[in-house]
Amino acid sequence: MGFSVSASAAIIFISFLVAASTLYTAWDNSYTNVQAAREDWYNLKLSQLNTLVDLNGTLGAASIDDTDKVYNVTLYIEDYGSTMYVKGWSAVYDGYYRTIYNVSDDNVGFLKNYTYVLPGDTLLLNVTNIPLDSTHHNLTVIFDNGCWLRIGWYYNGSAVLITDRENGCPTEVS
């Protein structure tokens, strides 16, 4: 009416094998996830190291409309680094999020439909209907890898002048 010693030993041994295989599968999945996260981190760091985007020249072009008391600025943004996917870019203009794929929806956007920018290519980014006063304006373009290009300008009464121009990438917390 009971189990024999050999049957009990077989059940314990099979249970041990099932537990060991479950633990091995969990360890292998965890190790694979850690390796994938490490690889993604290295790819992101490599992308950030190769992000070299800046203004081509000083400003680009500015057009002043004295009738409507506004002006427009076209920024010539050049990629000096690696190929980048432009559709993942976003912008903050004077503290407000702006979409930059269409200039007509919020007065900030590209003049063409860009998908990728290759090294040496120049993108035309337009900011329109800026009030014709001496207010300092900022535009920060954020790339899909977290890096950014910040440009500041103002109208001095006769011309549009660039005051700030900086770029960078986020630093990690250690």
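I77 has L123 of β8 as its bridge partner. Strands here are DSSP runs of E with at least two residues, numbered from the N terminus, and two strands pair if DSSP finds at least two bridges between them. This is a predicted model, in which local features need pLDDT of at least 70 and side-chain atom pairs count only at pLDDT 80 or more, while totals for chains, interfaces and linings use all residues. Residues are numbered from 1 along each chain as its sequence is written, and side-chain values use heavy atoms, with hydrogens and water left out.

Strand β8 takes part in two of the pairings in the table: with β2 and with β6.

| Strands | Direction | Bridges |
|---|---|---|
| β2 (residues 70-79) and β8 (residues 122-131) | antiparallel | 8 bridges |
| β6 (residues 108-110) and β8 | antiparallel | 3 bridges |
| β9 (residues 137-142) and β10 (residues 148-155) | antiparallel | 6 bridges |

V108 has V127 in β8 as its bridge partner.

An open sheet of 5 strands runs in the order β5-β4-β9-β10-β11, with antiparallel pairing. At its edges stand β5 (96-98) and β11 (160-168); each has a single partner strand, so one side of each lacks a neighbour in the sheet. From one strand to the next the twist averages 20°, taken between axes that are lines fitted to C-alpha atoms, with angles from 0 to 180 degrees between N-to-C directions.

The structure holds 1 disulfide, defined as a pair of cysteine sulfur atoms within 2.5 Å. C147 and C169 form it, with their sulfur atoms 1.8 Å apart. The link is right-handed, with 95° about the S-S bond. C147 lies in the loop between β9 and β10 and C169 in the segment after β11, so the pair ties together parts 22 residues apart in sequence. C147 is buried, at 1% relative accessible area, whereas C169 is partly exposed at 28% (buried is under 20%, exposed over 50%, partly exposed in between, with a 1.4 Å probe and protein chains only).

There are 9 aromatic pairs, meaning rings of Phe, Tyr and Trp (its six-membered ring) with centres within 6.5 Å; planes under 30 degrees apart count as stacked, over 60 as edge-to-face and the rest as tilted. F110 and Y114 form an edge-to-face pair, 5.3 Å centre to centre with 80° between the planes. F110 is buried at 7%, and Y114 is buried at 15%. Ring pairs link W89, F110, Y114 and F143 into a cluster.

Technical notes: Helix = DSSP H or I, 4+ residues; strand = E, 2+ residues; numbered from the N terminus.
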